[in-house]
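Work through the exercises below with the sequence and the model open. Try each task before you read its solution.

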Amino acid sequence: MKDLFDAAFAAMQKTHSPYSQFPVGAAIRTSDGRIYSGCNIEVISYPEGWCAETTALGHFVMGGGGTITDIAVVAEKKAKCTPCGGCRQRLAEFAGPDARLHLCDNNGIVETMTMKDIFPYGFEADVLGKGAA
Ligand code: THU
């Protein structure tokens, strides 16, 4: 899993977070071994910025999507930074309940859980009678 952490850590170096000064990186691994990463990107109109996990998901979708097996998140100033509520919902759109979420410090992975651990009782497609297209 070091390659996934390294991808998240490298992405964190690209952060655009001049307002919070809180760099974050995320990386996603697919079942066929691809890795997509992202950093947080902030905007002077603060609510318009977005999280590292969301950037990584954009790269994952544009790279062809697939099955997500692992997600790593690293924040320079906070060990074991967990995805925000909105990112949990976005990750759950593409990552099944058994996908692993790796929380990191600046040296590597320090705790691993699953999506269903961190996002139980999420709002799911069956409520609308729909599955993902
Ligand atoms: N942030 C992330 O990118 N991911 C997280 O999991 C938590 C928060 C970002 C959003 C914002 O740019 C900064 O951290 C401070 O909230």
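Contact means heavy atoms within 4.5 Å. Helices (H or I, at least four residues) and strands (E, at least two) are DSSP runs, numbered from the N terminus. This is a predicted model, where local features need pLDDT of at least 70, side-chain atom pairs count only at pLDDT 80 or more, and totals for chains, interfaces and linings use all residues. Residues are numbered from 1 along each chain as its sequence is written, and side-chain values use heavy atoms, with hydrogens and water left out.

**Exercise 1. Find the buried residues of helix α2 and what covers them.**

Step 1. Buried means under 20% relative accessible area (1.4 Å probe, protein chains only).
Step 2. Look just past α2: Gly 64 has a positive phi of about 115 degrees.

**Exercise 2. Describe how β1 and β2 pair.**

Step 1. Two strands pair if DSSP finds at least two bridges between them.
Step 2. β1 and β2 run antiparallel, joined by 5 bridges.
Step 3. Ala 27 sits opposite Ser 37 of β2.
Step 4. The hairpin has 4 residues between the strands, and Gly 33 takes a positive phi near 95 degrees.

**Exercise 3. Which side chains have an N or O atom 2.9 Å or 2.5 Å from a ligand oxygen?**

Step 1. A ligand oxygen lies 2.9 Å from a side-chain N or O atom of Asn 40.
Step 2. For Glu 42, the side-chain distance to a ligand oxygen is 2.5 Å.

Conventions
Polar contact = N/O pair within 3.5 Å; in protein donor to acceptor, adjacent residues only side chain to side chain. Buried < 20%, exposed > 50% of the residue type's maximum accessible area, 1.4 Å probe, protein only.
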